[in-house]
Amino acid sequence: PLLSIYIYLSICLSLPFCVVDKLLVVTVATKETDGFRRFMRSAKHFNYSVKVLGRGEKWSGGDMSAPGGGQKVRLLKQFLGEMSGDERVILFTDSYDALFASGSGELLKKFSQAGHRLLFSSETLLWPHRLLEDKHPHVSQGNRFLSSGGFIGYLPNVKRLLADWSGADSDSDQLYFTKLYINPDKRKSINMTLDSRCRVFQTLHGALDDVVLKFEEGRVRARNVLYDTLPVIVHGNGPTKLQLNYLGNYIPNTWTFETGCTVCGQDLLPLSSLQELPSVLVAIFIQQPTPFVSVFFERLVKLEYPKDRLQLYIHNQEPHHESHVSSFLKEHGDLYQKITSVGPEEELDITVSRNTAIDLCRQNKDCDYFFNLDIEVVLKNKDTLKILIDPIVAPMITRAGRLWSNFWGALSAEGYYARSEDYVDIVQGRRQGVWNVPYVSSVYLMRGSLLRSELQDIALYNSQSLDPDMALCDNIRNQGVFMYVTNLQMFGRILSTENIQTQHLHNDLWQIFQNPLDWEERYIHPNYSRILKGQLMETPCPDVYWFPIFSDTACDHLVEEMEHFGKWSGGGNKDNRIQGGYENVPTVDIHMKQVGYEREWHKFLLDYVAPVTEKMYPGYYTQAQFELAFVVRYKPDEQPSLRPHHDASTFTINLALNHVDIDFQGGGCNFIRYDCAITSPRKGWALMHPGRLTHYHEGLPTTAGVRYIAVTFVDP
């Protein structure tokens, strides 16, 4: 308490009168926008008392793209009309695009030091009439032109400022104040001046390069590097709203290095106290060939959200994926509250389709949220829907190994992507929070009530020049609605849809280069990582290592791919597929090269087999080169076994692709020199053994069913 009194007295002694308790902040807000709520949060943080004028009135002061704002002057003049007190200090400021960066003590001290009884915000650009430039008084340093977005003064002086106003609500407040300022007599009688060096007010228009964030202990300021000042109020006037949004992600203490995000837990819907969760319309869009579509639908089913509170809108433009959609609908469609499915045969334009989905939620008062989910989104967090309850918020997802994400940190002057200063830190998780951003795509949640209020009667995805996603965000920004992206939790990633092959039965097998993480999750055995930790490695015979490497799905897909291709060799010695055209120990097989899988198989060997080789055969390092990699088929009535032989390799990989005693009987591999047979091959497990000289072996007879193995002669 003593320290607080000391600070208070220090402030008072620096002022002509102790006016800390006589400050009143006045603003005009006819409706509560996201910007207004941000302004009020910053005011509350510094304990400002704010009087809001115009609540509930219709705004008639123009759209701010042209001169206007007279309504603000009228309301302020009316409000101050009956007020008295020579030392009452009035701070008038815009609120939709402004925020406080410091408290009243600093504000009043800087006002006192200005040496005038009325202090106006300043800017570098003259608006609205360039012809008045020569009439503006010159300043020794700083901005020369008045900005009507903020001023502070003693009540009598503010009244004198407003006394001559008789304009219409649509007239220009900027022009009115400017004419008073450039009139020497008026300027003197009102005792007004400009905050030219931005000590109190910082306008951003024309000064974007001058303003940076200054991180202090537990709080953040805006710093004007041109004048080396710390403004108290930051105003995103003109076309600088997005830069203010960026600054507002930090100022005054929204996010700091010491605390992280301080507001992320505020205003959340208490789901645990609700009798039933909000109703959500999930809109799914398939616009192009995309890998792992069946996995997408598997994850959709696993979302931790009551299915009877979910409606689905599915628009598939790609014939290749009709089977995936129909399979999902057949197996799980009856779980959901309602499903609307639009197929490629309807040839529905994607813009029309997205607007249609929005309208389904907009026109249904029971639709609490609209959840956009493009097919390339890998949504791994099962609680995503529960986490995202907010006006418009997107879970941050990125493309593996790249800085590509589903949000933009900034926009260029042309309205396209620009990188914000904090973009990389947000994408890489070094700064975690809920971030006000100008663009989101692919996956985002929108409040249904927002679609039925601020965003009503707008075809959100329509634009003459922008694609649907950019049009959506542009239309939302134009309504003053904020969009957010959160990286407080891990949500998933986004697939690459470049160079997608569609000519195969299981095209996902070919995704090991484009989407390696998804390929691994789909096709590598879930216990593979334990091998590299010295676990799950068996040695059934001398120098023969047995370990899990393929998932059941990988085995099934590879077998089905080969059977779909169907061009099995006859098992004879003559073989035009290999150099020399003669196979000494032939099998009934299909080479990886025949199905266009040679390059992908080599990548698999490098990434998943080579590390095991180097662990089991210390000192030997392989580049996993091969001439022969193939899938062998053993059938009692075709080729049941394989005679004793050496492999033409340094080491061989023999990977079982189906189950003994389920898919076939018999089979196995016998290492003759060691009198050691492996007669119970495990699906997805690989045998790795030396090829030449030592490990003379044979394929034991398959007595029933069909046995499949994938064989590779590595480093021939």
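**Cavity, domain and a buried aspartate**

Colleague: How many nonpolar, polar and charged residues are in the lining of the largest cavity?

Modeller: This is a predicted model. Among the lining residues of the largest cavity are Trp 546, Ile 678, Leu 687 and Arg 707. Sorted by class, the lining has seven nonpolar, two polar and two charged residues.

Colleague: Which strands each supply at least two residues of that lining?

Modeller: The lining of the largest cavity includes Asn 654, Ala 656, Trp 685 and Leu 687. Two strands each give at least two lining residues: strand 33 (651-656) and strand 37 (685-690).

Colleague: How many cavities of 30 Å³ or more does the structure hold, and what space lies in the largest?

Modeller: The count of cavities of 30 Å³ or more is seven.

Colleague: What share of residues 625-716 is helix, and what share is strand?

Modeller: An unreviewed UniProt entry annotates residues 625-716 as "domain: Fe2OG dioxygenase". The end C-alpha atoms of this stretch are 8 Å apart. Its make-up is 0% helix and 53% strand.

Colleague: Is Asp 34 buried or exposed?

Modeller: Asp 34 sits in helix 2 (residues 34-45). Its relative accessible area is 13%. Buried means under 20%, so Asp 34 counts as buried.

Colleague: Which backbone nitrogen does the side chain of Asp 34 reach, and at what distance?

Modeller: Leaving aside neighbours within four places in sequence, Asp 34 is in contact with Gly 480, Val 481 and Phe 482. The side chain of Asp 34 reaches the backbone nitrogen of Phe 482, at 2.7 Å.

How values were computed. Residues are numbered from 1 along each chain as its sequence is written. This is a predicted model: local features need pLDDT of at least 70, side-chain atom pairs count only at pLDDT 80 or more; totals for chains, interfaces and linings use all residues. Side-chain values use heavy atoms; hydrogens and water are left out. On a 1 Å grid over the protein atoms alone, a cavity is a set of points where a 1.4 Å probe fits but cannot get out, and a pocket is an open set with protein on both sides within 12 Å along at least five of seven lines; lining residues have an atom within 4 Å of a point. Grid points are joined across faces, edges and corners, and a volume is the space filled by probe spheres set on the points. Helices (H or I, at least four residues) and strands (E, at least two) are DSSP runs, numbered from the N terminus. Ala, Val, Leu, Ile, Met, Phe, Trp, Tyr, Cys and Pro count as nonpolar, Asp, Glu, Lys and Arg as charged, and the others, Gly among them, as polar. UniProt positions are given in the numbering used here, feature names are shortened, and annotations may be inferred rather than shown by experiment. Buried means under 20% relative accessible area, exposed over 50%, partly exposed in between (1.4 Å probe, protein chains only). A polar contact is a pair of N or O atoms within 3.5 Å; within protein, one must be able to donate a hydrogen and the other to accept it, and residues adjacent in sequence count only if both atoms are side-chain atoms. Contact means heavy atoms within 4.5 Å.
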